[in-house]
Amino acid sequence: MSKIRPLNEIVDIRSRRSAKPLKICVVTSEFIGPVKNGGIGAATTGLLETLRKDNHSVSVLYTLVQHGTPVCAERDWPHWEMELKKKGIALHYINNEQDYRAWRLKSWLVMEHLRDHDYDFVFFNEHHASGYYSIEAKKCGIEPFASQTHCVWTHGSLQWVFEINDQYVSRTTDIELMSMERRTVEQADIVLGPSKYILQKYRSYGWQLPEMTFHQPLPLLQNPIQQSKLSRKDVDEIVFFGRLETRKGLWIFCDALDRLGNELAGKRVTFLGRTTAESGFSSGTMLLARSQNWPFDLRLINDYGQEAALEYLRGAGRLAVIPSLADNSPCVIYECMENGVPFISTRGSGIQELVDRRDWPKVLVEPNAAELADKIRQVLKKGAAMARPAFDARENLKGWSAFSRYISERIGAARREAEPAQIELDAALFWVDSGKSLSLLARNLISNLARIRSKYPAYLITQRGMAVRGMIGEIVGAKEEDFSILDADDREAINAALAKKPHAVFADTEIEIMPRFFDGAARALAKADIVSCIVAERSGVNNETQITKLPCGNIMGLPFLGYAMGSGLWACS
């Protein structure tokens with residue numbers, strides 16, 4: 001089992017060398033702008049600023065798209081294109097015509113974008129698994145993916161969210177996404193976790209983390225509060241800061257308020273964060289129902305963007321409470337330390353990795369209502385404390401810059417200058433008669449033989465022996481050496497044909513085989529025992545091809561629910 005190492009352990013933060021500029025694509029469903037707030041959005045924005053500061057050519061590929069339109073909470077898409085252009089960042093989006101939960105389609109559209117652009121390095125989130133097909137393509141040796149370096153940044157998988165929220169799977173798409181997120185992490189070149197906690201959690205699920213797995217705080221904290229400013233502050237308003245959901249500690253916070261009761265009389269309690277849906281109900285509605293008998297002023301703010309939320313917290317007398325049951329590396333903690341906002345949070349997950357151990361007793365409690373109520377009571381009597389980061393903010397930012405140098409110097413900044421040499425597949429080709437019309441069978445045999453004539457020994461496996469034999473001689477005009485006809489029930493003859501070559505290609509007779517399949521199969525079979533591919537259908541007067549169904553590949557669980565792992569064309573050892 002590989003060790004999960006700090007990123008700064010392998011990069012040289014003291015080097016003054018400049019990194020060779022890379023063409024980098026950041027694939028994400030969130031960044032601050034189209035999305036008003038949220039941890040992934042804040043983290044992505046910090047990453048973009050760091051990459052541009054280091055003079056890389058940066059593009060963003062936005063995936064929060066449904067029914068052909070990128071989702072924007074404020075302004076329109078052209079506005080955000082112009083805003084990023086001012087910062088030297090190109091902004092693109094995938095043209096997803098379906099619902100935002102079309103996870104496989106969205107991942108496929110990401111792969112098509114990366115195929116058509118010359119990127120050196122790609123950042124994916126495991127969240128929403130946008131990198132699944134691109135990483136699979138690299139595994140199969142397909143260009144340009146084979147020449148790219150793929151880094152997966154872990155922000156919180158659906159499996160982890162469901163566990164912490166004590167939430168049950170309710171959709172087939174949940175199973176699909178959970179497995180895709182796992183595969184995206186397991187097959188990446190590099191995995192970066194903002195906390196050691198989240199990586200250890202994934203390992204506890206049985207995930208096989210790559211050798212190149214590291215943890216590093218987010219590139220957010222610039223100027224943390226100084227020691228001289230750590231004096232306690234009086235509090236007259238308690239602010240729950242974060243999404244209104246179970247995982248963020250919403251209900252243990254409410255339980256703590258119940259315990260405090262009249263001790264909060266004359267104070268104000270504010271809930272500052274987006275509402276969510278829990279068990280089919282809005283968490284905001286559930287909260288208002290819960291609050292009927294609380295003896296204090298209550299305020300709910302669920303429409304503030306990042307800057308407005310921080311401006312609110314900086315107000316005099318306010319205490320941020322972030323009582324997460326468990327968290328990865330929440331941006332709200334960075335933001336409180338950056339802005340001098342006193343806070344209370346919880347132990348036991350990635351939060352404590354961010355806070356200086358000397359300050360744990362001041363600001364961290366176990367994630368339960370009793371300890372949280374006691375800490376709030378203590379703060380009301382003695383004042384609120386600030387906390388220092390557990391890491392050097394400047395060294396952390398230098399580590400991110402050094403990571404760019406590390407990539408450009410060691411992991412593939414020197415791209416292949418020419419297309420890789422052709423690899424010949426030493427295989428026999430077996431067409432499997434699917435029982436459809438003889439005219440379709442004849443047409444496809446003619447088409448396929450024209451492409452691959454004499455390159456591979458070919459066989460037609462059929463149960464329509466006499467009819468097919470007559471058609472072959474009269475319509476197809478194939479020669480004896482082009483292919484042989486095998487009776488589907490003659491296992492001995494089929495096994496003898498299979499034994500002649502180290503590989504076999506099987507295709508339904510209604511499939512036209514593109515020659516590049518053989519090259520791709522040859523590369524893939526160097527690493528796998530079985531390989532399949534995408535199949536498109538022809539339609540319309542122009543015979544345009546369109547992919548109608550994406551196979552699930554090695555996504556776990558889906559084949560048992562009727563999803564196809566591959567298509568009617570596959571090769572094997």
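Predicted model: local features only at pLDDT ≥ 70, side-chain atom pairs only at ≥ 80, totals over all residues.
View 1. Tyr132, Tyr133, Ser134, Ile135, Glu136, Ala137 and Lys138 of helix 4 are buried. The helix is thus described as mostly covered, with seven of its eight residues buried. The cover over these buried residues includes helix 3, strand 7 (121-125), strand 8 (149-153) and helix 6. Just after helix 4, glycine 141 has a positive phi of about 80 degrees.

**View 2. Contact of helix 3 with helix 4.** The axes of helix 3 and helix 4 (residues 132-139) come within 7 Å, crossing at roughly 55 degrees. Because of this angle, helix 3 is oblique to helix 4. Helix 3 contributes Arg104, Ser107, Trp108, Val110, Met111 and Leu114 to the contact, and helix 4 contributes Tyr132, Tyr133, Ser134 and Ala137. By class, the residues of this contact are seven nonpolar, two polar and one charged.

**View 3. Contact of helix 3 with helix 6.** Helix 3 (residues 103-115) and helix 6 (residues 172-186) have axes that come within 10 Å and cross at roughly 40 degrees. Helix 3 is therefore oblique to helix 6. On the helix 3 side the contact is made by Trp103, Arg104 and Ser107, and on the helix 6 side by Thr173, Glu176, Leu177 and Met180. These residues divide into three nonpolar, two polar and two charged.

Note on methods: Residues numbered from 1 in each chain as written. Heavy atoms only, no water. Axes fitted to C-alpha atoms, helices over the stretch in contact; angles between N-to-C directions. Helix = DSSP H or I, 4+ residues; strand = E, 2+ residues; numbered from the N terminus. Parallel < 35°, antiparallel > 145°, perpendicular 65-115°, else oblique. Contact = heavy atoms within 4.5 Å. Nonpolar A, V, L, I, M, F, W, Y, C, P; charged D, E, K, R; others polar. Buried < 20%, exposed > 50% of the residue type's maximum accessible area, 1.4 Å probe, protein only.
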